[in-house]
Amino acid sequence: MKWKTNDIKQYVQAKEYIDTALIPLIPFSLSNDQQIKELVFQKELMDVYVNHIEQQLKGRIFLLPEYYYLKDDKINEELTKLNRFTKHVHNQPFKYTFLITFDREWRKVIKELDDVELLWIPSMKEGDLSQKETQKMIQSQVKEIEQLIMDSWN
């Protein structure tokens, strides 16, 4: 389920069965032209990933709105806000909360994240999302991520 009107109606009726929240972590910056291009590409790529995951695990997973942060800021500065955000999500109650990101900086603070699992994916800097090779790579990684999520349920 997604953060959309029709899905929210279903969520409200079936929330006791939807125990997993997925939150994309999206860096944002306008300070460097090359970085802007990379970050926009990664945002589009993240949309592809999380939409595939949500479709495959629909009925058990809720795709929440993206959590945006300034790429130029230190990750440590975001921890308090992100922990407050994920605590709110966890209290809804979601038994499992996953953060998904391409930004390896989050791996440095993984122990300081409260009651969540971090799914870090190495990312391409640029590319064509419609190319067959890219689609194959995405499908392969999505299956691995789905399996990680399902393993946590067991």
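## Phe-62 and its ring partners

Phe-62 and Phe-94 are both buried in this predicted model. Their rings form a tilted aromatic pair. The centres lie 6.1 Å apart, with 35° between the planes. This pair links distant parts of the chain. Phe-62 sits in strand E2, while Phe-94 sits in the loop between helix H3 (75-90) and E4. The two are 32 residues apart.

Phe-62 has another ring partner, Tyr-11. Here the centres are 4.7 Å apart and the planes meet at 20°, so the pair counts as stacked. Tyr-11 belongs to helix H1 (residues 5-14), 51 residues away from Phe-62 in strand E2. Tyr-11 is buried, as is Phe-62. Ring pairs join Trp-3, Tyr-11, Phe-62 and Phe-94 into a cluster. The count of aromatic pairs comes to seven.

## Charges over rings

Two arginines lie over tryptophan faces. Arg-60 covers the face of Trp-153, at 3.9 Å from the ring centre. Arg-107 lies over the face of Trp-120, at 4.6 Å from the ring centre.

## The nonpolar cores

In soluble globular proteins, nonpolar side chains tend to be buried together. Which residues have the most contacts inside the largest nonpolar core? They are Leu-22, Tyr-49, Ile-53, Ile-100, Leu-119, Ile-145 and Ile-149, in a core of 22 residues. Five elements each supply at least two residues of this core: strand E1 (20-28), helix H2 (33-56), strand E2 (61-63), strand E4 (96-101) and helix H4 (132-153). H2 gives the most, with six residues.

Take Ile-53 as an example. Beyond residues up to four places away in sequence, Ile-53 touches Leu-22, Ile-61, Ile-100, Val-142, Ile-145, Glu-146 and Ile-149. A second core is separate and has 21 residues. Among them are Ala-21, Leu-25, Leu-99 and Trp-106.

## A buried aspartate

Is Asp-7 buried or exposed? Asp-7 has a relative accessible area of 12%, which is under the 20% cut-off, so Asp-7 counts as buried. Asp-7 lies in helix H1. Apart from neighbours within four places in sequence, Asp-7 is in contact with Met-1, Lys-2, Glu-54 and Lys-58.

## Strand E3

E3 runs parallel to E1, and four bridges join the two strands. Within E3, Tyr-68 is the bridge partner of Ile-26.

## The whole chain

How many helices and strands does the protein have? There are four helices and five strands. From the N terminus on, the elements run α-β-α-β-β-α-β-β-α.

The C-alpha trace spans about 45 × 40 × 30 Å along its principal axes. A compact globule of 154 residues would have a radius of gyration near 15 Å. The protein has 16 Å, which agrees. Of its 154 residues, 42% count as buried. Among contacts with a separation of 6 or more, 73% come from residues 24 or more positions apart.

Methods:
Residues numbered from 1 in each chain as written. Predicted model: local features only at pLDDT ≥ 70, side-chain atom pairs only at ≥ 80, totals over all residues. Heavy atoms only, no water. Core = buried A, V, L, I, M, F, W, Y, C linked by side-chain atoms within 4.5 Å. Buried < 20%, exposed > 50% of the residue type's maximum accessible area, 1.4 Å probe, protein only. Contact = heavy atoms within 4.5 Å. Phe/Tyr/Trp six-rings, centres within 6.5 Å; stacked < 30°, edge-to-face > 60°. Lys NZ or Arg CZ within 6 Å of the ring centre and 35° of its normal. Pairing = 2+ DSSP bridges. Rg over C-alpha atoms; globule rule 2.2 N^0.38 Å.
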